[in-house]
Amino acid sequence: MIPLTVVDVRDAEPLVAEVIRSGGLAQGPMVERFEHAFADVAGTRHAVAVSSGTAALVATLEALDLRPGDEVVTSPFTFAATLNAILEAGATARFADITRADFALDADAVAAALGPRTKVLLPVHLYGQPADLGKLTALAAESGAHLVEDAAQAVGATFDGRPAGSHGVGCFSLYATKNVTTAEGGVVTTDDDALAGRVRLLRNQGMRARYRYEVPGHNYRMSELHAAVGIPQLRRLSELTEARRRNARRLSEGLAGTPGLDLPAVLPGREHVWHQYTVLIGPHAMLSRDELATALAARGIGTGVYYPRLVFDHDCYRGHPQVPDASVEDFPVAARMAEQVLSLPVHPSLSDAQVDTIVATVREELGA
Ligand SMILES: *Cc1c(COP(=O)(O)O)cnc(C)c1O
């Protein structure tokens with residue numbers, strides 16, 4: 001069996017044991033160590049560790065002081081957390097279509113979605129490749145909107161040589177299957193001292209001095225145990241990412257020319273960290289996307305579909321006062337991607353032989 005993800009955090013045992021022996025389990029010096037190491041990776045002055053990627057997004061949007069009716073423009077091709085965070089922060093979601101090349105927000109579509117209430121542009125760096133941060137940074141500046149990056153899948157990726165999460169306010173996830181994990185966790189990255197301060201306040205019940213509350217807050221703290229799990233991965237992040245890149249290259253070389261299959265591209269000026277290696281199964285392929293996934297599963301190869309529907313296209317969001325009446329047809333590129341995407345294993349624990357098995361099996365199933 002070649003699973004889609006393998007979680008290997010065995011190198012964290014000594015640090016976790018150190019926390020257990022210390023008896024100090026709640027947010028403390030280990031979390032601070034984790035934050036310093038993460039700020040190095042993100043290239044920012046501040047990294048604020050929180051309890052999840054969703055919490056990172058909610059705290060960031062709340063720290064930007066959105067009012068009811070203020071709008072956040074984001075991608076319809078994302079995990080529910082992106083949308084749920086907007087709703088929890090009290091803002092209104094707006095969607096713009098994506099591009100086929102990077103599965104992320106299309107800057108022209110964003111420009112068309114801007115309105116007088118637009119307060120935040122929220123691109124999602126899907127699968128580990130940054131969205132078009134050049135154009136989106138310019139659009140945000142022109143329109144007076146904040147740029148918040150959903151970098152949950154893109155730790156270590158770069159755009160124009162600068163890390164994801166350092167162009168706008170960065171929101172990262174440390175969920176179990178993400179490129180860096182603490183089991184559950186998240187991080188907010190920024191150079192803005194005041195914003196980092198507000199996120200720290202919101203993380204700890206709005207409390208600065210003991211039992212003096214400055215704003216209604218949350219418990220979004222990370223534990224020492226979680227931080228200890230993450231620190232060793234940050235130390236060897238470039239090695240882990242390089243293994244993903246090597247696997248992605250080997251997959252692309254092996255799968256080139258397979259009929260009906262479109263391979264993922266890395267766009268100029270961007271460094272991809274391959275959270276997912278995602279191919280498109282076109283309408284003329286020998287098998288449909290779902291048939292191929294079933295065939296691969298039967299032959300021991302795990303795959304994933306991220307995501308099978310547009311994020312707003314679920315009954316719980318229909319008629320929601322903070323979700324505009326959107327229809328799938330308004331986002332033709334995203335709608336087509338939802339039908340065609342299939343992610344293949346690319347994680348750093350794969351051997352070359354396993355990558356070659358994936359290549360050979362996919363080619364065989366598609367009649368190459
Ligand atoms: C994982 C993820 C999140 C949420 O992170 P959690 O840590 O699960 O709360 C948000 N956005 C995207 C795109 C993600 O992949």
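Modeller: The protein is divided into domain 1 (10-235) and domain 2 (237-365), with bounds that come from an automatic or database domain assignment. This is a predicted model, in which local features need pLDDT of at least 70 and side-chain atom pairs count only at pLDDT 80 or more, while totals for chains, interfaces and linings use all residues. Residues are numbered from 1 along each chain as its sequence is written, and side-chain values use heavy atoms, with hydrogens and water left out.

Colleague: Why is Cys171 called buried, and why is Cys316 called exposed?

Modeller: Buried means under 20% relative accessible area, exposed means over 50%, and partly exposed lies in between, with a 1.4 Å probe and protein chains only. Cys171 has 1% relative accessibility, so Cys171 counts as buried, whereas Cys316 has 58% and therefore counts as exposed.

Colleague: How many disulfides does the rule give?

Modeller: A disulfide is a pair of cysteine sulfur atoms within 2.5 Å, and by this rule the count comes to 0.

Colleague: What makes strand S9 mostly covered?

Modeller: Strands (E, at least two residues) and helices (H or I, at least four) are DSSP runs, numbered from the N terminus. In strand S9 (residues 186-190), 5 of its 5 residues are buried. Gly186, Val188 and Thr190 point one way from S9, while Val187 and Thr189 point the other way.

Colleague: How do you know that S8 and S9 pair?

Modeller: Two strands pair if DSSP finds at least two bridges between them, and S8 and S9 are joined in the antiparallel sense over 4 bridges. Cys171 stands opposite Val188 in S9. S1 and S9 also run antiparallel, joined by 5 bridges, and the partner of His46 in S9 is Thr190.

Colleague: What is the area buried between domain 1 and domain 2?

Modeller: Buried area is the accessible area (1.4 Å probe) that two parts lose on being put together, summed over both. Between domain 1 and domain 2 this is about 3,500 Å², of which carbon and sulfur atoms give 59%.
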